[in-house]
Amino acid sequence: MTDELDVLLADGVIDEVLGRLKSGKEANISLVRRGEVVLAAKVYKDRATRSFKNNSDYKEGRKVRNSRTQRAIDRGGRFGRDAVEQAWKSAEADALYKLAGTGVRVPEPIMFYEGVLLMDLVRDADGRPAPRLIDVPIERDAAISILADLVVQMISMLCCDLIHGDLSPYNILAAADGPTIIDFPQVISAVHSSRAEYFFLRDFDNIVRFLASFDPSLAVHTADGRAIWRAYVSRELTPEFVPPPPPPPRATRGPDRRSHGGGRPPQQQQYQQRQQQQRQQPQQHHHHHQPRQQPPQPPQQPQQPQQQPRQQPPQRQQPQQPQQPQSRGRRRRPKRRW
């Protein structure tokens, strides 16, 4: 039993602590009883004890309503650090209240009291606490329906300007109503964060890769993430948005080269055949047409003997006159003698 739950017991918020449900990297989940209802109480760990410490990218763009508290956070003093820690813990409660009724399947929040989040307990088809998606065996035929469900939820979440930021099969519960997304303390503002696109595409790829391990044909849906983000940036994204169909699958490669006796793969052979056909096309074009006949030439006349040119007498060479040196500058006047 933790000190935080003792506060809730002393204040009469809960009646009994039933036990620990699971322990995560940023919080512990306990089962508590409030009247006749069993709830999930999430107790957040301090920054010094939790393993999820590199949260500067996730907190980008987060603002508090109190201007005095925001100035203290900007200065980075002790009061500001405590305010940042409190804002980190309350971010999940704010996200759950915002996503309630938007088509995103999340635990229903009850209250956030003294740093503890009370939520409705997510159950499976047998009424027990729902397991994580990573711990559930998934059949190949069911993978496509799970992917379609999660894509709709991610689109609805993005329409609320929110990105999970750490979505994976470890943060999704196999509930009786369908896949339920949990763990929102690192939720990202899609409007204010400069790395919003990176976190959204990473979340999307994590889900596609996980489900493609059961059905490899789902790997082509990785491109849907960029299509959804482009629609969000262009303000065309709605909860009813449907990503365009994926591109056709690439042609499978043939057997190994060693099976062809060291030759080229079939795709390269087809490419070579295509090149040869293109080279033969101009040659086949000349065979269909007869060669062009040249007009008859007139009979050649007998050649007359060429007259040799008359030789001229050699010309006399005139004697060369000595060249006078060129004057350089102005000529000097001779000096007079008296």
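The model is predicted. Its sheet is open and is built from 5 strands, arranged in the order S1-S2-S3-S5-S4 with antiparallel pairing. At the edges lie strand S1 (16-23) and strand S4 (109-113), each of which pairs on one side only. On average, and with direction ignored, neighbouring strands of this sheet are turned by 25° against each other.

Strands of a sheet pair through backbone hydrogen bonds, in either a parallel or an antiparallel manner. Strand S3 (residues 37-44) and strand S5 (residues 116-120) are joined in the antiparallel sense over 5 bridges. Within this pairing, Val43 has Val116 of S5 as its bridge partner. Helix H1 (residues 3-10) packs on the sheet and touches S1, strand S2 (27-34), S3, S4 and S5. The direction of H1 makes about 70° with that of S5.

Attention now turns to helix H5. This helix comprises 17 residues (196-212), which at 1.5 Å a residue should span 24 Å; the end C-alpha atoms of H5 are 24 Å apart, in agreement with that expectation.

How many of the 17 residues of H5 are buried? The number is 12, and H5 is therefore largely enclosed by the rest of the structure. Among the buried residues are Phe199, Phe200, Phe204 and Phe210, and also Asp203 and Asn206. The cover over the buried residues of H5 includes helix H4 (140-159) and helix H6 (224-233), together with strand S6 (162-163), strand S7 (172-174) and strand S9 (188-189).

Technical notes:
Residues are numbered from 1 along each chain as its sequence is written. This is a predicted model: local features need pLDDT of at least 70, side-chain atom pairs count only at pLDDT 80 or more; totals for chains, interfaces and linings use all residues. Side-chain values use heavy atoms; hydrogens and water are left out. Two strands pair if DSSP finds at least two bridges between them. Helices (H or I, at least four residues) and strands (E, at least two) are DSSP runs, numbered from the N terminus. Axes are lines fitted to C-alpha atoms, for helices over the stretch in contact, and angles run from 0 to 180 degrees between N-to-C directions. Contact means heavy atoms within 4.5 Å. The expected span of a helix is 1.5 Å times one less than its number of residues. Buried means under 20% relative accessible area, exposed over 50%, partly exposed in between (1.4 Å probe, protein chains only).
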